[in-house]
Amino acid sequence: MLMFGVIVASSGLLLMIERGILAEVKPPPLHPPHGDHAWRSSGDTRAVDPEDMDYQVLQDVRNRTIRTMCGQKNMPHSIWELSGGQRKTVLKHILVNDKYRFLYCYVPKVACSNWKRILKVLDGALENVNVKLKMDHKSDLVFLGDMKPDEISYRLKHYYKFIFVRDPMERLLSAYRNKFGEIKEYQLKYGVEIVKRYRKSTRKSAGDDVTFSDLWRKNKKKCFMQLHSMLL
């Protein structure tokens, strides 16, 4: 349920921002209340490494933030409560492995290409993850959005679900280095428009000189929203 909670929280966050609901949501306390340390073993008197404790507290705050967001009365509590467009977006980012009964919600620039290779290896489409082939992000992959409603509901209820997240600024930097540093098509398709729209200079650009600052000006609103949806 944690993965679905993150997805719904992110989708619901957009609705809450639009409706002004977010301002009414009280943030969870920085530290869990007394007796709420679920990660401590009762009766265990061994010393806890400070770094481990900091990590556990961090995870606890993140989990309780998800519960706080998902617990709002105006928050969708099922994928079927999302609008058609939101539901389509969510489902097309969830990959299915029926053999091992799990769902993987991929996030671009969060090692999704590597995980797609792993899924292809598990399904026998690739011999191993080190095969030097251009990544095809559609073939030999099963998407939850391609299934019937009853098949979707069954898998969401019974399969193991997971998602990986990443610092939004690291994602943006990774996208910049990959898309605008290595792929000519992106420079031509998006670079010219980005420079035209966000750079003050009147000098024409071929799209191959997009700076990280240009990209940041284009995406800063989205990055702030990702920061919030990633919780910390």
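Analyst: Two strands pair if DSSP finds at least two bridges between them. Strands (E, at least two residues) and helices (H or I, at least four) are DSSP runs, numbered from the N terminus. The model is predicted: local features need pLDDT of at least 70, side-chain atom pairs pLDDT 80 or more, while totals for chains, interfaces and linings use all residues. Numbering starts at 1 along each chain as its sequence is written, and side-chain values use heavy atoms, without hydrogens or water.

Start with the hairpin. Strand 1 (residues 94–97) and strand 2 (residues 102–105) run antiparallel, joined by four bridges. Leucine 95 has tyrosine 104 of strand 2 as its bridge partner. Four residues separate the strands, and arginine 101 in this turn has a positive phi of about 55°. On strand 1, Ile94 and Val96 point one way, and Leu95 and Asn97 the other. All four are buried (under 20% relative accessible area, 1.4 Å probe, protein chains only).

Now arginine 171, in helix 6 (residues 168–182). Arginine 171 is buried but has no salt bridge (a Lys or Arg side-chain nitrogen within 4 Å of an Asp or Glu carboxyl oxygen). Aspartate 167, the nearest side chain of opposite charge, is 9.0 Å away. The arginine 171 side chain instead reaches the backbone oxygen of proline 108, at 3.0 Å.

Last, helix 7 (residues 184–198). Its buried residues include Gln187, Gly191, Ile194 and Val195.

Technical notes:
The expected span of a helix is 1.5 Å times one less than its number of residues. Buried means under 20% relative accessible area, exposed over 50%, partly exposed in between (1.4 Å probe, protein chains only). Lys and Arg count as positive and Asp and Glu as negative; His and the chain ends are not counted. A polar contact is a pair of N or O atoms within 3.5 Å; within protein, one must be able to donate a hydrogen and the other to accept it, and residues adjacent in sequence count only if both atoms are side-chain atoms.
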